Amino acid sequence: MDEQIARLKEWVDASDNIVFFGGAGVSTESGIPDFRSVDGLYNQQYKYPPETILSHTFFMAEPEEFFRFYRAKMLALDAQPNAAHLKLAEWERMGKCRAVVTQNIDGLHQKAGSKEVLELHGSVLRNYCMRCHKPYDVRDIAAGIGVPKCECGGIIKPDVVLYEESLDSYTINKSVEYIRNADILIIGGTSLAVYPAAGLIDYYRGNKLVLVNKSETPADRRANLVIHAPIGQVFAQL
Ligand code: CNA
């Protein structure tokens, strides 16, 4: 393990074109549960599975139930960035990290100071009225009860990509461009099970594909370096 971390450090020290692709595992050390770990949301008991609740159909059909789950499980406004978020922000300031491409919706990369963050699945921090598009602060959503409503009577929807909804094409294209041109692609804290996001790593053409994940992923076999450990602990040593 120490040897692998030392190799990653060498690569990082020598590069000015690192791109990071991450998922929910990046934020578990900040206290936000992921989906697929043993203590993740898929292994907790609800009336409906999380992918059902977090679908567009469910949002439209049962908004009350959606917002009950959403407020309880998806909003973690007091969470703080961990060593992985902070290191990536530091690398950006040093001119080493070009972009963070994330499936996360928690805003922690920006809280850590990263500027070039491509949020494939949106952000809980942005919320808009579905009818008049008026923006609302996330604290309005968190503090309210029931279905949040705009002054105009429309439902306020978080700017997150629900299952069945399509990803923003500008964000995808920009992510592809960064990944395609990256010297090092570090993939971290993601099961690589959610498409189309997971497919973006196929655009990487280099020979320094790094995987930092607690459990195995479908990309382990083609990675040039695999570290199975908590990402915050690993990045704290870089
Ligand atoms: P996932 O499918 O739950 O996979 C998480 C992966 O991270 C698993 O393979 C874990 O083994 C691994 N992992 C967990 N903790 C750590 C750690 N400390 N260090 C290294 N690896 C770890 O999550 P994905 O992101 O792959 O799935 C995509 C979904 C989850 C996206 O649509 C997200 O929006 C959604 N999600 C986001 C958040 C968030 O914003 N923080 C939280 C929960 C779910």
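Reply: The second largest pocket is lined by 21 residues, and G122, R126, D159, V160 and V161 lie nearest its centre. A pocket here is an open set of points on a 1 Å grid over the protein atoms alone, where a 1.4 Å probe fits, with protein on both sides within 12 Å along at least five of seven lines; lining residues have an atom within 4 Å of a point.

This is a predicted model: local features need pLDDT of at least 70, side-chain atom pairs count only at pLDDT 80 or more, and totals for chains, interfaces and linings use all residues. Residues are numbered from 1 along each chain as its sequence is written, and side-chain values use heavy atoms, without hydrogens and water.

The space in this pocket is about 320 Å³, a volume filled by probe spheres set on the points. Strand 3 (117–119), strand 4 (122–129), strand 6 (156–160) and helix 8 (169–181) each give at least two residues to the lining. The lining has 10 nonpolar, 5 polar and 6 charged residues.

Some polar pairs follow. A side-chain N or O atom of E29 is 2.8 Å from a ligand nitrogen. A ligand oxygen lies 2.8 Å from a backbone N or O atom of Q103. A polar backbone atom of I231 is 2.8 Å from a nitrogen of the ligand. The protein covers 96% of the 860 Å² of accessible area (Shrake-Rupley, 1.4 Å probe) that the ligand has on its own.

Key:
Helix = DSSP H or I, 4+ residues; strand = E, 2+ residues; numbered from the N terminus. Nonpolar A, V, L, I, M, F, W, Y, C, P; charged D, E, K, R; others polar. Polar contact = N/O pair within 3.5 Å; in protein donor to acceptor, adjacent residues only side chain to side chain.
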